[in-house]
Structures are given as C-alpha cells and as structure tokens.
Amino acid sequence: MTSWHHLSSDWLNWADQLAPAAQKINRHLIKALDLPALAQTAKDRELSMLDLASGVGEPAFGIARMLAGDADNDGNVGDAPLRGHVIASDIVPGMCAGLAERAGAEGLANLSVVAADMEKLPFGPSSIDAISCRFGVMFCSDPDLALRESNRVLRSGGRAAFMLWAPMADNPLFCAMDAVLSNILGTGFADTGLDLFGFADADGACARMRDAGFSNVSLSNHKPAGRIPERAAFWKPQMEMLFGHHLRDASDSARGTIDGAMFEALRPHIDDGYFRVPMCFHVLSGRKP
Ligand SMILES: C[S@@+](CC[C@H](N)C(=O)[O-])C[C@H]1O[C@@H](n2cnc3c(N)ncnc32)[C@H](O)[C@@H]1O
C-alpha cells in the first residue's frame, strides 16, 4: 500500500487528460448502482453516496455531476432530477488533497472529501445509500474486511459496485508493462506489492461479495479497446500512475528503452495504423438485504 503515497503527483498530472476515457468505462459501474431506483426509494431525501479509494476523483466526480440536480441529466427519475451528495475518499492524504483541488476548480458543490481507510470507515452503520469503488478494493491489506465495512455503512436496500481488473492475461497492456519493467528496471507488479488481480476470478469475486453480507450479487465483464494512433505512447499514463516513483529514478536512456520495448510488445495489437489494445475488467455489485 505504501507505494500509493509516492504516486499522488502522477495521478494528479494525468487526471484531466484521462477524464474523458474514464467516463466511458465509469458508466458500467454507475449503471450497476441503479441510482434512479435508489432515488425512488429515498423519495424526498437526497441520496448519500460514498466513493472509496477515489484517487484524485474517479468515478466520484461523474457521480457528483449526475446527482447535482440538473434537469437534463441522463439518470433522472421521470421529470425529477437526481439529487444527492458524494463523499469521495482515499487513504492517502496526497490523493485527497488532489481530489479537493480538482473539485474546487470545477466548483462541485455536492462533493466533499474525507480521508478514509476503506477497511475502517469513519461512518455510522446504515448511513449511505450507495457505494462505488473503481480499481481500489484489491489494494487493501484485507479486502474482505473492506467489503464488510461497505456492507456495514450501507442502508438496507443500498447498493455497492466495485470495478476490478480481470486476469492479467486478458490485459495486454499490463502484461507488457510487467515484462518490460521487470526486464529493464528489475521491478514488476509483484515487486511493488501492487496486487491488481486479486479479484480477477469472477466466481471467487462473487463469493467474497456474498460472504461480506451482500445479496443480489452480480458480475459483468467488459473488454473495450480504444483506437489510438500507433505513434502515441499511450502506456505512459498507466505506467507512471503505477510505477512513477521508479521511473523518476530511471535514466533518460532507460526510459527510451522502455518505450521502445513497450511498442514492440504491443505491436501485435496495431491494426491499420492504430493500437487496438483491449482492457478487460469486471463490475461486481450487490445489495444490502
Ligand atoms: C488504482 S487507484 C484508483 C483510484 C481511482 N478510484 C481511479 O480509478 O482513478 C487505487 C487507490 O486506492 C487507494 N487505496 C489503497 N488502499 C486503500 C485503503 N485501504 N483505503 C482507501 N483507499 C485505498 C490508493 O491510495 C489509490 O488512490
């Protein structure tokens, strides 16, 4: 976990540039929360929403915009705009500071930032309508405790949705990154202590969610592939956001070698001048009985 403390500046550097692509995949997570149905149950009360391991803002920002009460929002219930407040949270103070800075710059009035370890949430039982978490729970030292904590703070009928990486073998970008960095810098995912794939097994992930007390557990699998000009070193954001502290120590020549090796490793995915590299993830969701 400690490595995240060294990476908040990398996350902040890339956040605005990656936001449009993030929103495209976030819609699967948001759909699994079924916020319009929760709003109907909540009647006149505003929804209270918690985003865990928010990093510097995904998907908390998109959900806050959706719950801002704008009449022209996609998720509205009939004529009634969706209204609610989002608590964005992360265990790393630098991530929370970046989050707060970006939320202030956008003027998001219905989003607040709370530094929180998702294994020990600073919220009372049955106080939250919905929980989102994008690529976060697998990094906890005890992910099952984090799932139980989510269940504890949800109201009865509330929903939680977790975005999780599918197996590394289905994610060519991560395969390439792990092999190239292990080869050139002597550090891959295993060395950094980043267990990206702890929920990659779909049946196992569903069982863990049920064990944490959730009902109506379901998992959907997604495999989008962008269309990126072959000249673009599109791996740089992900690589810096996961290995930035190692790359900062690398020489210019080593960084050049890394880019060359990444291009070669991903070359089989070039089609007609464009990279078409699939990313494969799951959305795991459940309801508190
Ligand atoms: C891959 S990033 C995801 C950030 C963001 N959700 C996104 O998708 O852009 C993982 C985040 O999990 C946070 N994290 C790791 N362990 C945590 C814990 N126990 N409680 C809360 N956040 C944690 C890290 O600080 C980091 O910001």
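Which of the 19 residues around the ligand come nearest? They are Trp4, Ala53, Gly55, Glu58 and Ile91; a residue is near a molecule if its C-beta atom, placed from the backbone, lies within 6 Å of it.

Before going on, some ground rules. This is a predicted model: local features need pLDDT of at least 70, side-chain atom pairs count only at pLDDT 80 or more, and totals for chains, interfaces and linings use all residues. Numbering starts from 1 along each chain as its sequence is written.

By class, the ligand shell has 11 nonpolar, three polar and five charged residues. Nonpolar here covers Ala, Val, Leu, Ile, Met, Phe, Trp, Tyr, Cys and Pro; charged covers Asp, Glu, Lys and Arg; the others, Gly among them, count as polar.

Next, helix H2, residues 35-42, where Leu35, Leu38 and Ala39 are buried. Buried means 20 or more other C-beta atoms within 10 Å of the residue's own, and exposed means 12 or fewer, with C-beta atoms placed from the backbone. Seen down the axis of H2, the buried residues fall within an arc of 100 degrees, so they line one face of the helix; the arc is that of the directions from the helix axis to the C-beta atoms. The face turned away from the buried side carries exposed Ala37 and Gln40. Just after H2, lysine 43 takes a positive phi of about 55 degrees.

Last, the sheet. Three strands form an open, antiparallel sheet in the order E7-E9-E8; strands are DSSP runs of E, at least two residues, and helices runs of H or I, at least four, numbered from the N terminus. Pairing requires at least two DSSP bridges between two strands. The edge strands are E7 (228-229) and E8 (270-271).
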